[in-house]
Amino acid sequence: MDILLVEDNPTIVKGLEYAFKNQDYSFHAVTRAREARAYMEAHEVDLIILDITLPDGNGLKLFEEEIRKRGIPTIFLTAEDDEETIVHGLNLGAEDYITKPFSTKELMARVNRVLLRNRKESVIRVKALEFDMDKMTVSREGKRIELTSLELRILYLLFSNLNKVVSRSIILDKIWEWTGNDVDAHTVTVYLKRIREKIGNDVIVTVKGIGYRVDKDEK
């Protein structure tokens, strides 16, 4: 996935570059509207994170005149948090809007959600397993598999990051966030073991010392 950031704040650029590349995204940042136009001409972009106030123009205008006609999903990232600007951006067709200061984790979650939604594929098939990401249901060879709410969330996290490793620390943080309970490294092992017992051992790959991955054949 090729992510384009249009942002002139070097601190934000550096932070997001680290976050996205750490998640194995192809990431490129430009600081001006004209650079964004040039990049879109030369590359196939999957998602744009766009600041509204740019040194050489307005992000809303760039989206309306250049990005929207290309059909590239866009998240506005800006310090302008007045309701009129937010509504205008969304009415133009932007996928989402996040204001500064912001949480990198929240932005990453929104990006993953937008990318997943724009795959136009709610049911993801891996091996004999089918996961309906909209209905949050799992089945194998047509037979429904019952998972707990937490097990479903963990599986959703893995399926939202197809072909990418999700680290044990990220899963651990999410379990703590979802439950509010004290957890440790063994907690991840226990839950992944339970999930595998229910869905089969051929879906989730263990990347030793790092985390877990679900691979989908893109052919």
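Reader: Which residues gather in a patch of negative charge on the surface?

Author: In this predicted model, the patch of negative charge on the surface consists of Asp 81, Asp 82, Glu 83 and Glu 84. Asp 82 sits in the loop between strand E6 (74-78) and helix H4 (83-92).

Reader: Is Asp 82 buried, partly exposed or exposed?

Author: A residue counts as buried under 20% relative accessible area and as exposed over 50%, with partly exposed in between. Asp 82 has a relative accessible area of 35%, so this residue is partly exposed.

Reader: How many helices and strands are there in the protein chain?

Author: The protein chain holds eight helices and 14 strands. Its radius of gyration is 19 Å, close to the 17 Å that the globule rule gives for 219 residues, so the chain is as compact as a globular protein of that length. Buried residues account for 44% of the 219 residues.

Reader: What is to be read from a salt bridge between Arg 70 and Glu 41?

Author: A salt bridge pairs a side-chain nitrogen of Lys or Arg with a carboxyl oxygen of Asp or Glu within 4 Å. The side chains of Arg 70 and Glu 41 meet at 2.8 Å, N to O. Arg 70 belongs to helix H3 (residues 59-70) and Glu 41 to helix H2, so the pair ties together parts 29 residues apart in sequence. Arg 70 is partly exposed, at 31%, whereas Glu 41 is exposed, at 58% relative accessibility.

Reader: Which residues are linked with Asp 51 in a network of salt bridges?

Author: Glu 7 and Lys 100 are linked with Asp 51 in that network. Asp 51 is buried, with a relative accessible area of 4%, while Lys 100 is partly exposed at 22%.

Conventions. Residues are numbered from 1 along each chain as its sequence is written. This is a predicted model: local features need pLDDT of at least 70, side-chain atom pairs count only at pLDDT 80 or more; totals for chains, interfaces and linings use all residues. Side-chain values use heavy atoms; hydrogens and water are left out. Patches are made of residues with over 30% relative accessible area and no salt bridge: like charges are joined within 9 Å, nonpolar side chains (Val, Leu, Ile, Met, Phe, Trp, Tyr) within 5 Å. Accessible areas come from the Shrake-Rupley method with a 1.4 Å probe; for residues, only the protein chains shown count as cover. Lys and Arg count as positive and Asp and Glu as negative; His and the chain ends are not counted. The place of a charge is taken as NZ of Lys, CZ of Arg, CG of Asp or CD of Glu. Helices (H or I, at least four residues) and strands (E, at least two) are DSSP runs, numbered from the N terminus. Buried means under 20% relative accessible area, exposed over 50%, partly exposed in between (1.4 Å probe, protein chains only). The radius of gyration is taken over C-alpha atoms; the globule rule is 2.2 Å times the number of residues to the power 0.38.
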